[in-house]
Amino acid sequence: MAPEEQTFRAYTQTQGNNYAAWRPGYSPELFKIIVEHHTSTGGKLDTVVDVGCGTGQATRDLAPYFTDAIGLDPSAGMISAARASAQSAASPIRFEVSAAEALGTDLSPPIADCSVDLLTAATAAHWFDMAGFWASAARVVKPGGTVALWARNAMAVNPHETPNGPAIKAMFDDIFEKELWPHNKPGSVITRDLYVDLPLPWTLEAPVEAFDEASFVRKEWNKRKEGEDGELLGTGGMITPGQFEQINETSSMVSRWREAHPDKAGTGEDVNRRLRRMMESLLHEAGVKPGEEAIKGEVGLVLLMVKKR
């Protein structure tokens, strides 16, 4: 059964544009790892399809590696923002409204059977009906092609590399657990746990035999969110409270909090604005001057890859 997520599907183009401006992209090193694994295991570089592409951040980064690039998302607002941003892309990209479970069967022209070399989903698969997705993936991916699914989980504060870090982390964790986490959906739990419970072709009630379990690769970085894997994969870095607020604007839990508290959304009592204010106040208590505030943010990252037989 698909996790119920309607927040991003309902985005307007304006919301999509804000999402594109504030949502951090992924490290170029991650795309190198994916493409090198794909080609070293026999994959070709003709067509990449990025599913649940949102505003097309990952699609644009993958496009230069391939002859053809396609981004699919069920949100018309997100796709409108993706098309607008693609006008400056070095390579032409086709962006279309289509859900992961359909995988382009509802398009004209459709995504043809056995036509996709690399099928990707960037912090999106936890919202898919995975049984439907894997069945459609088996249809469109070429024999020898690759499916690559990756995700970042929610940002945490590194208390060891942030002024007044233990107090800031405690404040952030308290608000997250008491005010934001109650607005989670099942997909949020799957992401928090770095996809350990994401359904795979061989774990489904009706297994999808087209994918080779022996080829399955799982990689994790910064699982404890303590900077243990460095910053090459973009899992940690210094950010201002303002940047933190903007990144948090792209969280589905923040959007749902606002839906539940329409009288407070966008006011001084908005959960995201309160987080920023309290963060700045605790930094000032540690002697950080106004205009110099910064925290060390950390995320965990997981990458799953599997080959089609």
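Colleague: Where does N222 lie?

Modeller: N222 lies in the loop that runs between β7 and β8, the latter covering residues 236-239. Please keep in mind that this is a predicted model.

Colleague: And is N222 buried or exposed?

Modeller: N222 has a relative accessible area of 0%; the cut-off for buried is under 20%, so N222 is buried.

Colleague: What is the phi of N222?

Modeller: The phi of N222 is near 55 degrees, which is a positive value in a residue other than glycine.

Colleague: Let us look at Y195. What is its phi?

Modeller: Y195 is not a glycine, yet its phi is positive, at about 65 degrees.

Colleague: Where is Y195 found?

Modeller: Y195 is found in the loop that links α7 (186-192) with β7 (211-221).

Colleague: Why does Y195 count as buried?

Modeller: Its relative accessibility is 2%, so Y195 counts as buried.

Colleague: Turning to the peptide bonds, what kind joins S108 and P109?

Modeller: The bond between S108 and P109 is cis, with omega at about 0 degrees. P109 belongs to the loop between β3 (93-97) and β4.

Colleague: Let us move to helix packing. At what angle do α6 and α10 pack?

Modeller: The angle between α6 and α10 is about 165 degrees, and their axes are 10 Å apart. Angles over 145 count as roughly antiparallel, so α6 is roughly antiparallel to α10. The crossing of α6 past α10 is right-handed.

Colleague: Which residues make the contact?

Modeller: From α6 there are A167, I168, M171, F172, I175, E179 and L180, while α10 provides V271, R274, L275, M278, M279, L282 and L283. Sorted by class, this contact of α6 with α10 has 12 nonpolar, no polar and two charged residues.

Colleague: How do α8 and α10 pack?

Modeller: Helix α8 (residues 241-248) packs on α10 at an angle of about 160 degrees, with the axes 9 Å apart. The two helices, α8 and α10, are therefore roughly antiparallel to each other. The crossing of α8 past α10 is right-handed.

Colleague: Which residues of α8 and α10 meet?

Modeller: P241, G242, F244, E245 and N248 of α8 meet N272, R273, L275, R276, M279, E280 and L283 of α10. The residues of this contact between α8 and α10 fall into five nonpolar, three polar and four charged.

Colleague: What about α6 and α9, at what angle do they pack?

Modeller: Helix α6 (residues 165-180) and helix α9 (residues 252-260) pack at about 55 degrees, and their axes are 11 Å apart. At that angle α6 and α9 are therefore oblique to each other. Their crossing is left-handed.

Colleague: Which residues meet in α6 and α9?

Modeller: F176, E179 and L180 of α6 meet M253, V254 and W257 of α9. By class, the contact of α6 with α9 holds five nonpolar, no polar and one charged.

Colleague: Back to α10. Is E285 buried or exposed?

Modeller: E285 has a relative accessible area of 60%, so it is exposed. E285 is placed in helix α10, residues 271-285.

Colleague: What separation is there between the C-alpha atoms of E285 and A210?

Modeller: These C-alpha atoms are separated by 58 Å, and E285 and A210 are 75 residues apart along the chain.

Colleague: Finally, K32: which helix is it in?

Modeller: K32 is in α2, which covers residues 28-40. Its relative accessibility is 40%, so K32 counts as partly exposed.

Colleague: How many residues apart in sequence are K32 and Y65?

Modeller: K32 and Y65 are 33 residues apart in sequence, and the C-alpha to C-alpha distance is 9.5 Å.

Notes
Residues are numbered from 1 along each chain as its sequence is written. This is a predicted model: local features need pLDDT of at least 70, side-chain atom pairs count only at pLDDT 80 or more; totals for chains, interfaces and linings use all residues. Side-chain values use heavy atoms; hydrogens and water are left out. Helices (H or I, at least four residues) and strands (E, at least two) are DSSP runs, numbered from the N terminus. Buried means under 20% relative accessible area, exposed over 50%, partly exposed in between (1.4 Å probe, protein chains only). Axes are lines fitted to C-alpha atoms, for helices over the stretch in contact, and angles run from 0 to 180 degrees between N-to-C directions. Angles under 35 degrees count as roughly parallel, over 145 as roughly antiparallel, 65 to 115 as roughly perpendicular and the rest as oblique. A crossing is left-handed if the near helix is turned anticlockwise from the far one by less than a right angle, and right-handed if clockwise. Contact means heavy atoms within 4.5 Å. Ala, Val, Leu, Ile, Met, Phe, Trp, Tyr, Cys and Pro count as nonpolar, Asp, Glu, Lys and Arg as charged, and the others, Gly among them, as polar.
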